[in-house]
Amino acid sequence: ELRYAATSPYAVVVYLLIGTIVIFSPMIGNFFVGDDFTWFRWAADCGKTVCHIDPSRILSYFTDSGGFFFRPGTKIYFYLMYSLFWLNQVVYHVVSIALHFVFLSLFFFLARKILKSSRLAALASFLLLIMSGYAEVVFWISGTGYLFNAVFILASLLFFISWEEKKKAVYYIGALVCISLSLLFHELGVVAPSLLIAYRAIYGR
């Protein structure tokens, strides 16, 4: 029983959490760099340290790109975070690390579905965890939109797979909602339907 508990899918998630904390926690105290300040400049609309939250401004993110990318979800995130926490870098980094952990967990469960092996899925997840190429998107808080995007795309795939297996409408709706949310945070969300179609073509009944 102890061996089963130590190698269960939920234990793997705990190991991923520990690995994520060990690898990425040293960056929590680092201040902002590069494009981080660009997002803060867009979020700052008053001279106060902590601004009030204006619903009309949040609505405007859906109707006006402001001459830049149409990423209303990311803009809302920075606007709310700036309004509540201002330039407290610890909170921003904690959110990024938490999103990266959620992404790794979803990736593990998706790999487990496709590979039909918890061991192979765990190996793939830990390789993804230690790959240095993904450190930048966690370190730069301006990359938070990418993290949200990746989380919602993987969630949409898992919902779609659950719908394929159980044919319950709630999973299909969940997949559509996650695809829509991924598009709000980054335009890369446009690939999500293609991934669903590819899964259906390869693994569908």
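The model is predicted, so local features need pLDDT of at least 70 and side-chain atom pairs count only at pLDDT 80 or more, while totals for chains, interfaces and linings use all residues. Residues are numbered from 1 along each chain as its sequence is written, and side-chain values use heavy atoms, leaving out hydrogens and water.

**His93**
- You'll find His93 in helix H6 (residues 89-115); helices are DSSP runs of H or I with at least four residues, numbered from the N terminus.
- His93 is buried, at a relative accessible area of 1% (buried means under 20%, exposed over 50%, with a 1.4 Å probe and protein chains only).
- Leaving aside residues up to four places away in sequence, His93 touches Met27, Ile28, Asn30, Phe31, Val138, Phe139 and Ile141 (contact means heavy atoms within 4.5 Å).

**Helix H10**
- H10 covers residues 169-185.
- Its buried residues are Tyr171, Gly174, Ala175, Cys178, Ile179, Ser182 and Phe185.
- Those buried residues fall within an arc of 135 degrees seen down the axis of H10, so they line one face of the helix (the arc is that of the directions from the helix axis to the C-beta atoms).
- Over on the other side of H10, Ala169, Val170 and Ile173 are exposed.
- Helices H5 (72-85), H9 (144-166) and H11 (192-203) are among what covers the buried residues of H10.

**Ile130**
- Ile130 sits in helix H7.
- With 57% relative accessibility, Ile130 counts as exposed.

Notes: Helix = DSSP H or I, 4+ residues; strand = E, 2+ residues; numbered from the N terminus. Expected span 1.5 Å × (residues − 1).
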